Amino acid sequence: MTQLEQRVLKLRSGWELRPWQLTDADVLVTASQDQAIRRWNRLLVNSPEEGRQRIERMRQRWQAELSAIWAIARPDSEATGLIGWGDIDLQGGSAEIVYWLLPAARGGGVAVEATKRVSQWALNDLGLHRLRLCHSVANPASCRVADKAGYSLEGTMRSALLHADGWHDEHLHALIQGDI
């Protein structure tokens, strides 16, 4: 990944996935305050400065080949979501997807389209073999995204992730080379 520039990935719907910019720091603060995002994600950004630090870490983690995170936005507009890969293991050929959307972007299919697009990038451009999508069993919206994006449900991991309200069982979905 250190040889690759993080490029903009276009979506058919007109949305795009673009690298986070320092000017997007306020969006991370807003997202951190959204009830649904806080419920399902570990996003705590209390100030624009913390947002800028997080964006700098995104860039550093790209260079270290540990993650690949994009902003979801309309062209020339403020970010309204986040999507990408954490826990990248280039030698082992795997990664785990992370995503969230602000309320204005929810319900229109952009999460599914963005998931499909970053999955194609991870399998084809990055050469990964196995992609994971994990979510709380209490989050049916993420289960629908996984299903519509072509991820197979492999099972339930008991008490797998600590959320603010306690330990949650998680569904494990996967997409492997050859599925799409």
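Student: Where is Asp87 found?

Tutor: Asp87 is found in strand β4, and its phi is near 55°, a positive value in a residue other than glycine. Please keep in mind that we are reading a predicted model. Glu65 also has a positive phi, near 60°, and is again a residue other than glycine. Glu65, however, lies in the loop between α3 and β3.

Student: Is Glu65 buried, partly exposed or exposed?

Tutor: Burial is read from relative accessible area, where buried means under 20% and exposed means over 50%, with partly exposed in between. At 26% relative accessibility, Glu65 therefore counts as partly exposed. Thr115, which has its place in helix α4, counts as buried at 0% relative accessibility. For the chain of 180 residues, buried residues make up 48%.

Student: Which residues touch the most other members of the largest nonpolar core?

Tutor: In the largest one, which has 34 residues, Leu17, Trp70, Ile83, Trp85 and Trp121 touch the most other members. The elements that give two or more residues to this core are β3 (68–73), β4 (79–89), β5 (94–101), α4 (110–125), β6 (130–136) and α5 (140–148). Helix α4 supplies the largest share, eight residues. There is also a second, separate core of 17 residues, and among its members are Trp20, Leu43, Ala71 and Leu102.

Student: Where is Trp20 found, and what does it touch beyond its neighbours in sequence?

Tutor: Trp20 is found in the loop between β2 (16–19) and α1, and it is buried, with a relative accessible area of 3%. Not counting residues up to four places away in sequence, Trp20 touches several residues, including Val27, Leu28, Met58, Trp70, Ala71 and Trp100. The C-alpha atoms of Trp20 and Arg52 are separated by 9.6 Å, although the two residues are 32 residues apart along the chain.

Student: Which residues of helix α1 are buried, and against what do they pack?

Tutor: In helix α1 (residues 25–33), the buried residues are Ala25, Val27, Leu28, Val29, Ala31 and Ser32. They pack against α2 (35–40), α3 (48–63), β4 and β5.

Student: How many helices and strands are there in the chain, and in what order do the elements run?

Tutor: There are five helices and eight strands, and from the N terminus on they run β-β-α-α-α-β-β-β-α-β-α-β-β. The radius of gyration is 15 Å, close to the 16 Å that the globule rule gives for 180 residues, so the chain is as compact as a globular protein of that length. Residues 24 or more positions apart account for 58% of the contacts with a separation of 6 or more.

Student: How many positive and negative side chains does the chain have?

Tutor: The chain has 21 positive and 22 negative side chains, and the centres of the two sets lie 3 Å apart.

Note on methods: Residues numbered from 1 in each chain as written. Predicted model: local features only at pLDDT ≥ 70, side-chain atom pairs only at ≥ 80, totals over all residues. Heavy atoms only, no water. Core = buried A, V, L, I, M, F, W, Y, C linked by side-chain atoms within 4.5 Å. Buried < 20%, exposed > 50% of the residue type's maximum accessible area, 1.4 Å probe, protein only. Helix = DSSP H or I, 4+ residues; strand = E, 2+ residues; numbered from the N terminus. Rg over C-alpha atoms; globule rule 2.2 N^0.38 Å. Contact = heavy atoms within 4.5 Å. Lys, Arg positive; Asp, Glu negative; His and termini not counted. Charge placed at Lys NZ, Arg CZ, Asp CG, Glu CD.
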